[in-house]
Amino acid sequence: MNKEVVLSGIRPTGFLHLGNYFGAMRNYVRMQDEYNCYFFVANWHSLTTHPDTKELQSAVHRVIAENVACGLDPNKVSLYVQSDVPEIAELYLYLNMLAYKGELEKTVTFKEKVRLNPENVNAGLLTYPVLQAADILIHRAVKVPVGKDQEQHLEMARNFAQRFNHRYGDVLPEPYAFNYGGELIKILSLDGNGKMSKSENQMNTLYLADTDDMLRKKIMKAKTAEAPAEPNSVKPDFIENLFTLMSLVSTPDTLEKFNTDFNNCVIRYGDMKKQLAEDMIAFVAPIREKAADIQNDKALLSSIIKQGAEKARESAAATLKEVRQAIGMNY
Ligand code: TRP
């Protein structure tokens with residue numbers, strides 16, 4: 001029986017945080033038995049915005065190590081580095097001929113990056129969605145677990161696949177965003193200003209690499225308010241966020257206790273944060289330690305990366321063969 005192909009990419013620009021864990025990685029782990037999974041580190045994509053590669057290698061290693069530490073099994077999924085699969089670059093080349101300058105310029109993420117970094121508007125940045133389409137289509141993946149901000153890129157990938165199929169014959173299935181298990185969990189930063197971020201607002205984001213002391217410090221200064229004046233009040237979103245975090249790492253009894261206290265207007269946020277900090281540490285510390293062990297074991301790391309690349313190249317080569325045949329580039 002052929003399992004459906006699931007694929008997602010992770011940019012190695014920054015540190016993985018709790019939002020990444022509960023919004024993405026935990027779901028990847030759940031998918032690995034049910035689907036034929038490809039997860040990769042998008043290091044080519046990172047060059048579009050981060051031309052300085054001093055820290056790229058260690059960032060790639062960290063992403064691989066953290067994903068394995070979170071429970072991705074390199075024997076079940078293909079966990080690889082994008083640049084190890086040159087077939088992607090060739091497909092990107094073909095797809096570039098099917099992508100229009102106008103539609104690329106209109107992409108929301110492109111416009112945002114131009115705004116943030118007007119002095120480095122390179123062609124790679126413009127064609128970022130084309131490379132992403134190649135990442136997906138090279139394995140004929142149909143389910144792509146990504147957040148809302150990536151939906152436009154997926155729509156573009158579907159358009160490129162359609163144009164390819166229309167022009168050269170049916171080779172590439174259309175991929176869709178995949179929201180595993182319903183609602184996506186949103187985790188806000190601890191000051192309530194937007195979501196947790198891989199690289200910004202670091203003192204209000206909980207990272208999988210944070211030390212126990214750092215986790216404690218960040219949680220203890222999370223934004224709170226006075227206890228509510230009315231029983232059963234609606235929680236402001238930064239308070240709701242603390243309850244969300246507690247629901248993810250604490251026992252149901254603990255959560256229940258603070259919920260009841262909130263509803264009875266007797267909640268003590270200092271106590272709640274103390275409890276949350278300890279439960280968070282119990283959750284994060286084993287992952288952090290396992291990731292550090294893997295990252296320090298260069299032989300293990302390179303065998304994981306090699307194994308992933310082999311699996312990915314096999315699948316990529318099979319697609320590329322059909323792509324070349326369809327175009328007539330098989331001499
Ligand atoms: N663009 C994605 C992001 O910013 C990363 C990515 C690159 C990706 N290639 C992909 C995601 C392919 C899904 C599928 O997070």
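Reply: Start with D210 and K218, whose side chains are joined by a polar contact of 2.8 Å. A polar contact here is a pair of N or O atoms within 3.5 Å; within protein, one must be able to donate a hydrogen and the other to accept it, and residues adjacent in sequence count only if both atoms are side-chain atoms. The model is predicted, with local features requiring pLDDT of at least 70 and side-chain atom pairs pLDDT 80 or more, while totals for chains, interfaces and linings use all residues. Residues are numbered from 1 along each chain as its sequence is written, and side-chain values use heavy atoms, with hydrogens and water left out.

D210 sits in the loop between β5 (176–177) and α10 (212–220). Helices (H or I, at least four residues) and strands (E, at least two) are DSSP runs numbered from the N terminus. D210 counts as buried because its relative accessibility is 9%, where buried means under 20%, exposed over 50% and partly exposed in between (1.4 Å probe, protein chains only). A polar atom of the D210 side chain also lies 3.0 Å from the backbone nitrogen of Y207. Beyond four places in sequence, D210 is in contact (heavy atoms within 4.5 Å) with T205, L215, K218, V284 and R288. Between the C-alpha atoms of D210 and D33 there are 30 Å, and 177 residues along the chain.

L215 and K218 turn up again around L206, which touches them along with H17, L18, L190, M196, I219, L245 and M280, leaving out residues up to four places away in sequence. L206 belongs to the largest nonpolar core, of 60 residues, in which L18, L206 and M280 touch the most other members. Such a core is a set of buried Ala, Val, Leu, Ile, Met, Phe, Trp, Tyr and Cys residues joined through side-chain atoms within 4.5 Å. Helix α13 (residues 269–296) gives this core its largest share, ten residues. Domain 1 (5–184 + 298–327) and domain 2 (210–291) each contribute at least three residues to this core. A separate core has 39 residues, including V5, L91, L154 and A161.

Nine residues of domain 1 and nine residues of domain 2 take part in the contact.

T13 lies in the loop between β1 (5–10) and α1 (18–31). T13 is classed as buried because its relative accessibility is 14%. Outside its sequence neighbours up to four places away, T13 touches S46, H50, K198 and S199.

The ligand has 14 residues around it, with R11, Y128, Q132, D135 and Q150 coming nearest; a residue is counted if one of its heavy atoms lies within 4 Å. An N or O atom in the side chain of Y128 is 2.7 Å from a nitrogen atom of the ligand. For a polar side-chain atom of Q150, the distance to a ligand nitrogen is 2.9 Å, and for one of Q132 it is 3.0 Å. The protein buries 91% of the 360 Å² that the ligand exposes when taken alone, with areas from the Shrake-Rupley method and a 1.4 Å probe; for residues, only the protein chains shown count as cover. β1 and α8 (128–137) each supply at least two residues of this shell, and α8 has the largest share, four residues.

Conventions: Domains from an automatic or database assignment.
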